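Visitor: Hello! I would like to learn how to read a protein structure, one feature at a time. Could we go through one together?

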Amino acid sequence: MASGTVLWFNKVKGYGAILSSDGERLYVDRLGLGDGVDAEELRRGVEVEFEVRTGSNGPEAHGLQIAPPPAVMGRARRRHR
C-alpha cells in the first residue's frame, strides 16, 4: 500500500489530488475512497494510504484510507516512591 498527502479535495465535485510519498501526483475521486472515509476528512495535508491504479486520468489513488497517527516514541516515566 502506498502513502501520501492530500493536496486538495473538492467535496462538491467529488474529486481531488494526492501527492504520493515518492513525489507522484495522483487523481482521486469519490469512488476511490475506502470504506468509512468521508470526503469531509480530506483536507490539505492529511496523511493517507491507498493503492495506485491507472485510470482514464492517469495514475489514480484507490481504496483511500486516512493513515493512522504515528506512534509516540518516548521513554516511559518512572514513578519514584
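Visitor: Let me start with the strands: in β3, which residue is the bridge partner of L19?

Guide: Good place to begin, and please keep in mind that this is a predicted model. The bridge partner of L19 in β3 is R25.

Visitor: In what sense do β1 and β2 pair, and over how many bridges?

Guide: They are antiparallel, with six bridges between them. The strands β2 and β3 also run antiparallel, and five bridges join them.

Visitor: Is G14 buried or exposed?

Guide: G14 counts as buried, because its relative accessibility is 6% and buried means under 20%. This glycine sits in the loop between β1 and β2. Leaving out residues up to four places away in sequence, G14 touches F9, V28, D29 and R30.

Visitor: How do I read a nonpolar core?

Guide: The general idea is that nonpolar side chains tend to be buried together in soluble globular proteins. Here the largest nonpolar core has 14 residues, and those that touch the most other members are I18, V28, L42, V48, F50, A61 and L64. Two or more residues of this core come from each of β1 (2–10), β3 (25–29), β4 (47–55) and β5 (58–66).

Visitor: Which residues is I18 in contact with, beyond its neighbours within four places in sequence?

Guide: The contacts of I18 include T5, V6 and L7, then V28, and also V48, F50, A61 and L64.

Visitor: What about the aromatic rings?

Guide: An aromatic pair is described by how far apart the ring centres are and by the angle of the planes. This structure holds two such pairs. In one, the ring centres of W8 and Y15 are 5.8 Å apart and the planes lie at 75°, so this pair is edge-to-face. In the other, Y15 and Y27 are stacked, with 6.1 Å from centre to centre and 25° between the planes.

Visitor: Why does the pair of Y15 and Y27 tie together parts that are 12 residues apart in sequence?

Guide: Because Y15 belongs to strand β2 (residues 15–20) and Y27 belongs to strand β3. Together, W8, Y15 and Y27 make one aromatic cluster.

Visitor: What is the relative accessible area of W8?

Guide: For W8 the value is 36%, and this residue is partly exposed. Y15, at 30%, is partly exposed, and Y27 counts as partly exposed at 23%.

Visitor: Last one: which side chain of opposite charge is nearest to E60?

Guide: That is R53, at 7.4 Å. E60 is buried yet has no salt bridge, because a salt bridge needs the charged atoms to be within 4 Å. E60 lies in strand β5, and its contacts beyond four places in sequence include L26, Y27, E51 and V52.

Notes:
Residues are numbered from 1 along each chain as its sequence is written. This is a predicted model: local features need pLDDT of at least 70, side-chain atom pairs count only at pLDDT 80 or more; totals for chains, interfaces and linings use all residues. Side-chain values use heavy atoms; hydrogens and water are left out. A nonpolar core is a set of buried Ala, Val, Leu, Ile, Met, Phe, Trp, Tyr and Cys residues joined through side-chain atoms within 4.5 Å. Buried means under 20% relative accessible area, exposed over 50%, partly exposed in between (1.4 Å probe, protein chains only). Helices (H or I, at least four residues) and strands (E, at least two) are DSSP runs, numbered from the N terminus. Contact means heavy atoms within 4.5 Å. Rings of Phe, Tyr and Trp (its six-membered ring) pair if their centres lie within 6.5 Å; planes under 30 degrees apart count as stacked, over 60 as edge-to-face and the rest as tilted. Lys and Arg count as positive and Asp and Glu as negative; His and the chain ends are not counted. Two strands pair if DSSP finds at least two bridges between them.
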